[in-house]
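Morning, everyone. Let me walk you through one model, from a single residue out to the cores.

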Amino acid sequence: MIPAARPATPRAGELPTGTGYAPCHHGELLQGVFLDDDGRRCAGLVTLPMAGPGSTAAFTRRPGTAPEELTVLPADRTKAARAAALAVAECARRTGAPACGGEVRLTCDVPVGLGMGSSTADVIATVRAVADAYGLRLPVDTIARLAVRAELACDPLMLDGRPVLFAQREGRVLEVLGPALPPLVVVGCTLGGGAPVDTLSLPVREAGDGDVRAFERLRTLLRRAVATGDVRRLGEVATASARRGQQVLGHPEFDALTGIARQAGAVGVQIAHSGAVAGVLFDPAAPELRHRVRGCRGALDAHGIPATRTFTTFTTFTTTKELLNGPAHRGVDRPAGPDTPRRPARLPAL
């Protein structure tokens with residue numbers, strides 16, 4: 001039976017409502033300062049996509065109200081509130097409809113402060129929900145532009161996991177690295193006891209010419225790794241980027257993490273450059289993968305590093321995931337409702 005299409009205009013008594021969704025990520029594979037096509041320096045990053053947690057927004061328009069009469073639940077999502085106002089103005093301009101107020105209700109199960117893009121997920125989900133309420137589907141470059149205006153810098157979550165080098169402060173793609181990352185199995189964990197990282201308090205380190213040359217070399221290696229499906233080379237790039245990031249973050253567990261990765265036969269590690277989430281990266285074709293992953297999780301536990309999710313960068317992982325972790329427990333990852341205040345949380349373990 002074919003479901004009935006949603007009517008173009010709401011029925012009498014109904015309010016125009018739209019919905020939107022955005023995923024999270026698991027920190028970065030590469031982050032630094034790079035050169036754009038004009039030779040200008042740009043801060044850029046390549047995120048590690050992660051299926052599962054994300055943010056869902058529902059926007060209900062209130063025709064006849066002033067555009068500034070916007071509310072967001074939970075009320076502490078101030079970046080989403082700014083995004084809603086910007087999206088309303090953009091959609092009203094595109095459609096010719098009068099801008100009006102409304103209510104955004106967010107449901108998000110992405111932990112904050114770990115470097116997983118929780119605020120960007122809220123912002124993008126909100127923009128998509130507002131656009132949906134106006135009957136629009138905004139281009140990704142427009143969503144990126146609005147997201148940067150709402151939170152000053154954003155992650156490339158509007159691109160739905162495609163591997164790109166993204167200028168997070170400008171909301172533009174510096175380079176499309178390929179159609180998909182090489183397949184990876186990632187044993188996730190949190191450093192620093194999972195405490196949120198206040199990125200605004202981190203020291204600012206200006207990149208010199210040598211730094212830019214080093215980042216450009218890593219960019220070239222990552223491009224080759226994506227083009228050839230070279231998992232080991234990708235792991236080397238991620239580890240080198242994570243090591244450079246320690247000049248600012250200074251996680252005391254970093255040496256232990258890289259040592260665990262070597263002992264377990266992993267291809268490398270990755271760490272969120274603006275948070276506490278990290279991952280040990282494995283080649284899914286490695287022999288005795290199940291044994292390696294279990295040994296890695298045990299070693300993390302022995303060093304007091306909480307293991308979280310084990311996941312992959314490819315979609316055909318259902319049976320392998322069950323092989324590694326056993327059947328997934330239901331009801332573990334309950335998302336926070338729109339009336340639940342945002343609070344620091346650890347990733348639930350599978």
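Start with Phe34, which lies in strand S1, residues 17-35. Strands here are DSSP runs of E, at least two residues, and helices are runs of H or I, at least four, numbered from the N terminus. This is a predicted model: local features need pLDDT of at least 70, side-chain atom pairs count only at pLDDT 80 or more, and totals for chains, interfaces and linings use all residues. Residues are numbered from 1 along each chain as its sequence is written, and side-chain values use heavy atoms, without hydrogens or water.

Is Phe34 buried or exposed? Buried, because its relative accessibility is 0%. The cut-offs: buried is under 20% relative accessible area, exposed over 50%, partly exposed in between, with a 1.4 Å probe and protein chains only.

Val212 sits 178 residues from Phe34 in sequence, yet their C-alpha atoms are 6.0 Å apart. Contact means heavy atoms within 4.5 Å. Beyond its neighbours within four places in sequence, Phe34 contacts residues including Leu165, Phe215 and Arg219.

Next, helix H1, residues 78-95. Its buried residues include Ala80, Ala84, Leu86 and Cys91. Among the elements covering them are strand S2 (41-62) and helix H2 (118-133). Just after H1, Gly96 has a positive phi of about 80 degrees.

Now the cores. A nonpolar core joins buried Ala, Val, Leu, Ile, Met, Phe, Trp, Tyr and Cys residues through side-chain atoms within 4.5 Å. The largest has 38 residues. H2 gives the largest share, nine residues. A second, separate core has 37 residues, Cys42 and Met50 among them.
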